[in-house]
Amino acid sequence: MRSFDQSGAIPAGTSSANKSTFHPLTTLKCDGPAVFRSQTARDLACLLDIDKAVLSWRCQPLGQDGRTEQRGPDFLVNHVDGTRRYLDAPDRKASKAISVDRLDNDYLQISHDEIYNGFRLQNARDLLRYGAWRTSLGDRVRILAALDEHGILTLAECLGAIQESRPVAAIASLILSGFLEVDLDDALLGPETMVRRIRP
């Protein structure tokens, strides 16, 4: 069982340990070691972590010689609907990924615009900074009760309800954990961002 300090953060040596030097360090849905070929690949993984259709993703293993150039596509992605797909980040030439021609419809190279256009990536990176945080039970109950009463609150109003934890970290953790929902595409997260409760 994992131990937690009083701040609610997971200590070093657990989920955020042994990650690559590409930021942010914490991942949510990575199945296996989080070893990235480039910052662009890491940025794509940020989007996979916040994609509701993605169940898990795996970084392809490094070559036996230990070099950073991977031998297969950047990611193998498992979707909630049971489908699987190999993905490459846009900074990689698909010809370098072995056996791509045999993957057929199960392979996709993501375009630069799909990653970097709009606000989603920056919002994902901002939230994932708090991916190792765990909100206290008391603060979680207070936020969910407030949303049950009002239906929708601004991010600033939610922050004001936090009593036991670091407010921004607590709200970010609840968003990443699937308790709360915000629009990640409309604008950068701010005090006026509307927050809704996600019901199971």
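1. In this note, Ala, Val, Leu, Ile, Met, Phe, Trp, Tyr, Cys and Pro count as nonpolar, Asp, Glu, Lys and Arg as charged, and the others, Gly among them, as polar. On that basis, the lining of the largest pocket comprises nine nonpolar, five polar and nine charged residues. The structure under discussion is a predicted model.

2. The volume of the largest pocket is about 480 Å³. Its lining is made up of 23 residues, and those closest to the centre of the pocket are D49, I50, I175, L176 and G178. Three elements, α4, α7 and β6, each contribute at least two residues to this lining.

3. Helix α7 spans residues 167–176 and is mostly covered, with eight of its ten residues buried. The buried positions are A169, A170, I171, A172, S173, L174, I175 and L176. Two of these, I175 and L176, are also among the residues closest to the centre of the largest pocket. The cover over the buried residues of α7 includes α4 (120–128), α5 (137–150), α6 (155–160) and β6 (180–181).

4. After α7 comes G178, a residue with a positive phi, near 90°. G178 also belongs to the group closest to the centre of the largest pocket.

5. S165 lies in the loop between α6 and α7. Is S165 buried or exposed? Its relative accessibility is 14%, and buried means under 20%; S165 therefore counts as buried. Leaving aside residues up to four places away in sequence, S165 is in contact with W133, T135, S136, D139 and A170.

6. How do α1 and α4 pack against each other? Helix α1 (residues 39–49) meets α4 at an angle of about 80°, and the two axes are 9 Å apart. Angles of 65 to 115 degrees count as roughly perpendicular, and the two helices are therefore described in that way. On the α1 side the contact involves Q39, R42, D43, C46, L47 and D49, and on the α4 side R120, L121, A124, R125 and L128. By class, the residues of this contact are five nonpolar, one polar and five charged. D49 of this contact is also listed among the residues closest to the centre of the largest pocket.

7. The second largest pocket holds about 270 Å³ of space. It is lined by 15 residues, of which L44, L48, D51, I110 and E114 are the closest to its centre. Two or more lining residues come from each of α1, β2 (75–79), β3 (84–88) and α3 (112–116). The largest share, three residues, is supplied by α1. The classes represented in this lining are nine nonpolar, two polar and four charged residues.

8. P191 is placed in the loop between β6 and β7 (194–197). Which side of the burial cut-offs does P191 fall on, buried or exposed? Exposed means over 50% relative accessible area, and P191, at 54%, is therefore exposed. Apart from residues up to four places away in sequence, P191 touches T154, L155 and A156. The C-alpha atoms of P191 and T154 are 6.5 Å apart, although the two residues are separated by 37 residues in sequence.

Methods
Residues numbered from 1 in each chain as written. Predicted model: local features only at pLDDT ≥ 70, side-chain atom pairs only at ≥ 80, totals over all residues. Heavy atoms only, no water. Buried < 20%, exposed > 50% of the residue type's maximum accessible area, 1.4 Å probe, protein only. Helix = DSSP H or I, 4+ residues; strand = E, 2+ residues; numbered from the N terminus. Contact = heavy atoms within 4.5 Å. Axes fitted to C-alpha atoms, helices over the stretch in contact; angles between N-to-C directions. Parallel < 35°, antiparallel > 145°, perpendicular 65-115°, else oblique. 1 Å grid on protein atoms, 1.4 Å probe; cavity = no way out; pocket = protein on both sides within 12 Å on 5 of 7 lines; lining within 4 Å. Points joined across faces, edges and corners; volume = space filled by probe spheres on them.
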